[in-house]
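Subject: Structure handover

Hello,

Here is the structure for your files. My notes follow below it.

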Amino acid sequence: MKSVEFAEILKNEEIADSTYSMELFCPEIAKKAAAGQFIEIYTGLGENILPRPISISEIDSENGKLTLVYQVVGRGTDYFSQCPVGDMLKIMGPCGNGFNISHDIKQHIIVGGGIGIPPLLELCKRLDGEVNVFLGAKSSPVLADKFKSLGAEVFIATDDGSVGFRGNVVELMEEIKPQGKMIYSCGPKIMLKFLSAWAEKNNIPVQVSMEERMACGIGACVGCAVKIRKSGCNDWQNLKVCKDGPVFMGDEVVWDE
Ligand SMILES: Cc1cc2nc3c(=O)[nH]c(=O)nc-3n(C[C@H](O)[C@H](O)[C@H](O)COP(=O)(O)OP(=O)(O)OC[C@H]3O[C@@H](n4cnc5c(N)ncnc54)[C@H](O)[C@@H]3O)c2cc1C
Ligand code: FES
């Protein structure tokens, strides 16, 4: 059940080029939130501006706090980056379904690309056993040190080779050949598509968190539809990322259009 809350900004600082970490005090939403869910943030730029979906990166339900990591790409995110500590933001959440975590699984692989990395941090905290984390970015991935501090083994791929392996994360996984019983991922659609193919070839189930463009954010339009296979047949249906996702099984998604 979603709540609408006015959240106080406790922190809002630039952690990388045009990338900000924001801490919000929102006890109602924090106590219900799960790893992989997102919130909708209203911009205060006028009634006609739609709220912006941003993933929950860390949850501190005891102290009523959520941390988000966002990149400035347009009007809404630019507005957030200029909000000072102490300002109030209207938010709605938690939205979506989040990752499916099984405590029977003790060997996990996390794969994040670009601004898809943040929601995987809370997930990493909640997994039992061994966790191998693969992070991909143009030049330097965000939050790599935070994953390391959780005890995960972290492998990095960058497009320009400035940090770690030169290439993409799936090519790096092909080199390392990590073992795992479940893959959890978030990042650009093209990465999720190739990762799903890699996972199928290696017989490992993969959960993919899709970041489609959204409009209403509450399942009332079809702005965020993705094609998902119906089980047991070759047919597919349009499901909504904001309501039915953002997390789907990789082998359910119809990738080619
Ligand atoms: C479920 C979900 C979770 C998300 N989590 C995060 C997050 O944790 N951190 C983060 O930085 N961003 C996240 N995003 C993307 C974020 O919602 C958009 O970047 C934001 O809404 C852009 O708003 P804007 O007003 O700044 O830009 P706009 O002016 O609306 O758009 C500026 C540019 O960004 C592009 N853009 C907008 N939305 C998306 C999108 N969803 N995917 C790709 N390109 C887009 C537009 O095509 C345009 O080129 C998430 C999106 C979804 C759907
Ligand atoms: S954004 Fe309207 S249905 Fe998802």
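Asparagine 203 is exposed, with a relative accessible area of 71%. The classes used here are buried for under 20% relative accessible area, exposed for over 50%, and partly exposed in between, with a 1.4 Å probe and protein chains only. Areas come from the Shrake-Rupley method with a 1.4 Å probe, and for residues only the protein chains shown count as cover. Asparagine 203 also has a positive phi of about 60 degrees, although it is not a glycine. Its place is the loop between α6 (189-201) and β13 (206-209). Helices (H or I, at least four residues) and strands (E, at least two) are DSSP runs, numbered from the N terminus.

This is a predicted model; local features need pLDDT of at least 70, side-chain atom pairs count only at pLDDT 80 or more, and totals for chains, interfaces and linings use all residues. Residues are numbered from 1 along each chain as its sequence is written, chains are lettered from A and ligands numbered from 1 in the order in which they are written, and side-chain values use heavy atoms, with hydrogens and water left out.

Other backbone points

Lysine 177 is not a glycine either, yet has a positive phi of about 50 degrees. Lysine 177 lies in the loop between α5 (169-176) and β12 (182-186). At 49% relative accessibility, lysine 177 is partly exposed.

There are cis peptide bonds to check. One runs from glycine 93 to proline 94, with omega near -10 degrees. Proline 94 belongs to strand β7 (residues 88-95). Another cis bond joins glycine 245 and proline 246, with omega about 10 degrees. Proline 246 is in the loop between α7 (241-244) and β16 (247-249).

Ligand 1

The shell around ligand 1 has 18 residues, and Arg52, Pro53, Gln71, Gly76 and Thr77 come nearest. A residue is near a molecule or strand if one of its heavy atoms lies within 4 Å of it. β4 (52-55), β6 and α2 each supply at least two residues of this shell. The largest share, four residues, comes from β4.

Now the polar contacts, meaning pairs of N or O atoms within 3.5 Å; within protein, one atom must be able to donate a hydrogen and the other to accept it, and residues adjacent in sequence count only if both atoms are side-chain atoms. Arginine 52 places a polar side-chain atom 2.7 Å from an oxygen atom of ligand 1. Arginine 213 also uses a polar side-chain atom, 3.0 Å from an oxygen atom of the ligand. Glutamine 71 uses a backbone N or O atom, 2.8 Å from an oxygen atom of ligand 1. The protein covers 75% of the 880 Å² of accessible area that ligand 1 has on its own.

Aromatic pairs

Rings of Phe, Tyr and Trp (its six-membered ring) pair if their centres lie within 6.5 Å; planes under 30 degrees apart count as stacked, over 60 as edge-to-face and the rest as tilted. By this rule there are five aromatic pairs. Tyrosine 20 and tyrosine 70 are stacked, because their ring centres are 5.6 Å apart and their planes are at 15 degrees. Tyrosine 20 lies in strand β2 (residues 19-25) and tyrosine 70 in strand β6 (residues 65-71), so this pair ties together parts 50 residues apart in sequence. Both tyrosine 20 and tyrosine 70 are buried. Tyrosine 79 and phenylalanine 80 form an edge-to-face pair, with centres 6.2 Å apart and planes at 70 degrees. Phenylalanine 80 is buried at 1% relative accessibility, whereas tyrosine 79 is partly exposed at 26%. Ring pairs link Tyr20, Tyr70, Tyr79 and Phe80 into a cluster.

Serine 81 is in helix α2 (residues 75-81). Its relative accessibility is 14%, so serine 81 counts as buried. A polar atom of its side chain lies 2.7 Å from the backbone oxygen of aspartate 78. Contact means heavy atoms within 4.5 Å. Beyond its neighbours within four places in sequence, serine 81 is in contact with Asn12, Tyr20, Tyr70 and Val72.

Serine 18 sits in the loop between β1 (3-16) and β2. Serine 18 and valine 72 are 54 residues apart in sequence but 5.5 Å apart in space, C-alpha to C-alpha.

Best wishes
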